[in-house]
Amino acid sequence: ADCRDAARYPFSLLTVGGARYLGSEREPGDGAGPADLSMASDVALRLGIADGSPARMTSPLGSSLVVTVRHDATLRPDVVVCERGGWLKAGQGVNRLIPDMVSAVGAGTPYYEARVDVEPLA
């Protein structure tokens, strides 16, 4: 699947570094439970996802992650934001939704090329 399929995966996933962490490193046991995913308030409401509700974030890689949606009226409607990293055993691990790619220019890391879909959990 194309990791940039905007039709099926309408959101660009920004995985930002938390202020308390170096890169995506975290202490064991830190932040147990679903990762927080911020998205535009009006988009979340249109999808039927209340602030603080669980949702499933899916990527073209076939991976998905249960997250807790946080409404943010300041975000663009085509972007969702989650802290990078997280422990898989704690139900996090957003990095598994990120494609393994090399940039066409400079053979570097093309950060923020990941596309995802978000849907409410029943």
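**Entry 1**

I began with R8, which counts as partly exposed at 42% relative accessibility; I use buried for under 20% relative accessible area, exposed for over 50% and partly exposed for what lies in between, with a 1.4 Å probe and protein chains only. The model is a predicted one, in which local features need pLDDT of at least 70 and side-chain atom pairs count only at pLDDT 80 or more, while totals for chains, interfaces and linings use all residues. Residues are numbered from 1 along each chain as its sequence is written, and side-chain values use heavy atoms, with hydrogens and water left out.

I then looked up what R8 pairs with, and found a salt bridge to D117 whose closest N and O atoms are 2.8 Å apart. R8 lies in the segment before β1 and D117 in strand β6, so this pair ties together parts that are 109 residues apart in sequence. For a salt bridge I require a side-chain nitrogen of Lys or Arg within 4 Å of a carboxyl oxygen of Asp or Glu, and for elements I take DSSP runs numbered from the N terminus, with helices (H or I) of at least four residues and strands (E) of at least two.

How many salt bridges does a search of the whole structure find? The search returns three. One of them joins R70 to D36, with the closest N and O atoms 3.3 Å apart; R70 lies in strand β4 and D36 in strand β2, so the pair ties together parts that are 34 residues apart in sequence. I noted R70 as partly exposed with a relative accessible area of 35%, and D36 as partly exposed with 41%.

Another joins D78 to R76, and here the closest N and O atoms are 2.6 Å apart. D78 is partly exposed at a relative accessible area of 28%, whereas R76 counts as exposed at 52% relative accessibility.

**Entry 1: the barrel**

I followed the strands next and found a closed barrel of six, running β1-β5-β2-β4-β3-β6 with mixed pairing. From one strand to the next the twist averages 45 degrees, where axes are lines fitted to C-alpha atoms (for helices over the stretch in contact) and angles run from 0 to 180 degrees between N-to-C directions. I count two strands as paired if DSSP finds at least two bridges between them.

Which sense of pairing does β1 have with β5, and which with β6? β1 and β5 pair in the parallel sense over five bridges, with V16 standing opposite E83 in β5, while β1 and β6 pair in the antiparallel sense over two bridges.

I looked up S12 in strand β1, which is buried with a relative accessible area of 16%. S12 stands opposite R115 in β6, and a polar contact of 2.9 Å joins the side chains of S12 and R115; such a contact is a pair of N or O atoms within 3.5 Å, where within protein one must be able to donate a hydrogen and the other to accept it, and residues adjacent in sequence count only if both atoms are side-chain atoms. Leaving aside neighbours within four places in sequence, S12 is in contact (heavy atoms within 4.5 Å) with D78, V79, V80, A114 and R115.

T58, in strand β3, counts as buried at 16% relative accessibility. With neighbours within four places in sequence left aside, the contacts of T58 include Y9, L97, R115 and D117.

Not counting residues up to four places away in sequence, V118 touches, among others, F11, L37, M39, M57 and V80.
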